[in-house]
Amino acid sequence: MAPAARGKRPQVVVTAVSTKGGTGKTTTVMLLALAAAQAGHRVLVVDGDPQASAMRWAELAGELPGVTVVPMPSTRIDKDLPRAGAGHDVVLIDTPPGYGDRRVIESALRAAHLAVVPMAPRYADLGRLVPTLDLSAHCGTPAVLLLCMVTRTRSARELVEVCRSDEVQVNVLETVVPATTRIADAFGERTVPGPFPAVWAEVDALVLKAARKAGRRG
Ligand SMILES: Nc1ncnc2c1ncn2[C@@H]1O[C@H](COP(=O)(O)OP(=O)(O)OP(=O)(O)O)[C@@H](O)[C@H]1O
Ligand SMILES: [Mg+2]
C-alpha cells in the first residue's frame, strides 16, 4: 500500500470484494467511480476481473467524464498500482468472484486502504459474508454496502440487524441501496443514480481515514 502524502489529500484505494458472484461488485465500483468523479476527483477504475465487466461498461458508455478504466486481471495489482494509479485521487478496484482467482483478489486487497463488500441482505448470502470478511481482514475493517434491498421483508430487517450487531466486525454503511430498475439498467451508463453520491460520501470518509492512518505508519 502506498504511503499517504502528509498535508494534502492522499490518494485513496478501495477494492470491491465478495467471494460470492453477482453480488453487485461491478455495479458498486462503476457507480462509486461516477459519484467520485462528480465530486471532482480524478478516478481510476482497475478492472481486476478477467470477465472484464468494468471495461465493457466503459466501452458501452463511450466516455465516462473524470473516470479512466484499465484492465488488470493480475496477481501484481498491488505492485503495479503505484505506477498505473499516478495522477488519480481515487482508485476503485473491481475483483473477480469466488476463490478461483483468489491471488488476484488478495493482490487487490493488498493495494487497498478499504474493502467494500456489496451484499444483498438474503439468508443465502449471509453465509458467504464470513469468508469474504476473513479474506478482507488484513485490509482493516471492511465496509458492507447493503445493495439490492427489498427493504420491507422480514428477512431483510433481520439480516440488517445481524450485520449491524457487534458479532460481525464490519462498518455497515448507513446508506442502503434499494433494488431499482434504474440501477438494474445502469450498465454502460454515465450518470449516477440516486443513492450513490451518498454511498461515495460515506466510503470517502472511511477510506480517507484509513489512508491517513496508513500514511502516518508508512
Ligand atoms: N440495487 C440494484 N437494483 C437492481 N439491480 C441491481 C442492483 N445492484 C446490482 N444489480 C444487478 O445485479 C446484477 C449483478 O451485479 P454485478 O454485475 O455488479 O455483480 P458482480 O458482483 O460484479 O458479479 P460478478 O461476480 O459476476 O462479477 C446485475 O444485473 C446488476 O444490474
Ligand atoms: Mg463483476
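**Exercise 1. Find which residues Thr26 is in contact with, leaving aside its neighbours within four places in sequence, and place Thr26 in the fold.**

Step 1. Setting those sequence neighbours aside, Thr26 is in contact with Ser53, Ala54, Trp57 and Asp94; contact here means heavy atoms within 4.5 Å.

Before going on, a word on the model: it is predicted, so local features need pLDDT of at least 70 and side-chain atom pairs count only at pLDDT 80 or more, while totals for chains, interfaces and linings use all residues. Residues are numbered from 1 along each chain as its sequence is written, chains are lettered from A and ligands numbered from 1 in the order in which they are written, and side-chain values use heavy atoms, with hydrogens and water left out.

Step 2. Helix α1 is the place of Thr26. Helices (H or I, at least four residues) and strands (E, at least two) are DSSP runs, numbered from the N terminus.

Step 3. Thr26 has a relative accessible area of 15%, so Thr26 is buried. The cut-offs are under 20% for buried, over 50% for exposed and partly exposed in between, with a 1.4 Å probe and protein chains only.

**Exercise 2. Describe the shell around ligand 1: which residues come nearest, and which helices each supply at least two residues?**

Step 1. The shell has 18 residues, and Gly22, Lys25, Thr26, Thr27 and Pro178 come nearest to ligand 1. A residue is near a molecule or strand if one of its heavy atoms lies within 4 Å of it.

Step 2. Sort the shell by element: α1 (25-38) and α7 (181-184) each give at least two residues. The largest share, 3 residues, belongs to α1.

Step 3. Sort the shell by residue class: 8 are nonpolar, 8 polar and 2 charged. Ala, Val, Leu, Ile, Met, Phe, Trp, Tyr, Cys and Pro count as nonpolar, Asp, Glu, Lys and Arg as charged, and the others, Gly among them, as polar.

Step 4. Now look at atom pairs. The side chain of Thr27 has an N or O atom 2.5 Å from an oxygen atom of ligand 1. For Gly22, a backbone N or O atom lies 2.9 Å from a ligand 1 oxygen. A polar backbone atom of Ala184 is 3.3 Å from an oxygen atom of ligand 1. On its own, ligand 1 has 640 Å² of accessible area, and the protein covers 75% of that. Such areas come from the Shrake-Rupley method with a 1.4 Å probe; for residues, only the protein chains shown count as cover.

**Exercise 3. Compare the radius of gyration of the chain with that of a compact globule of 218 residues.**

Step 1. The globule rule is 2.2 Å times the number of residues to the power 0.38, and the radius is taken over C-alpha atoms.

Step 2. For 218 residues a compact globule would come near 17 Å; the chain has 16 Å, which agrees.

Step 3. The C-alpha trace spans about 45 × 40 × 35 Å along its principal axes, and the chain has 8 helices and 7 strands. Of its 218 residues, 52% count as buried. Among contacts with a separation of 6 or more, 81% come from residues 24 or more positions apart.

Key. A polar contact is a pair of N or O atoms within 3.5 Å; within protein, one must be able to donate a hydrogen and the other to accept it, and residues adjacent in sequence count only if both atoms are side-chain atoms.
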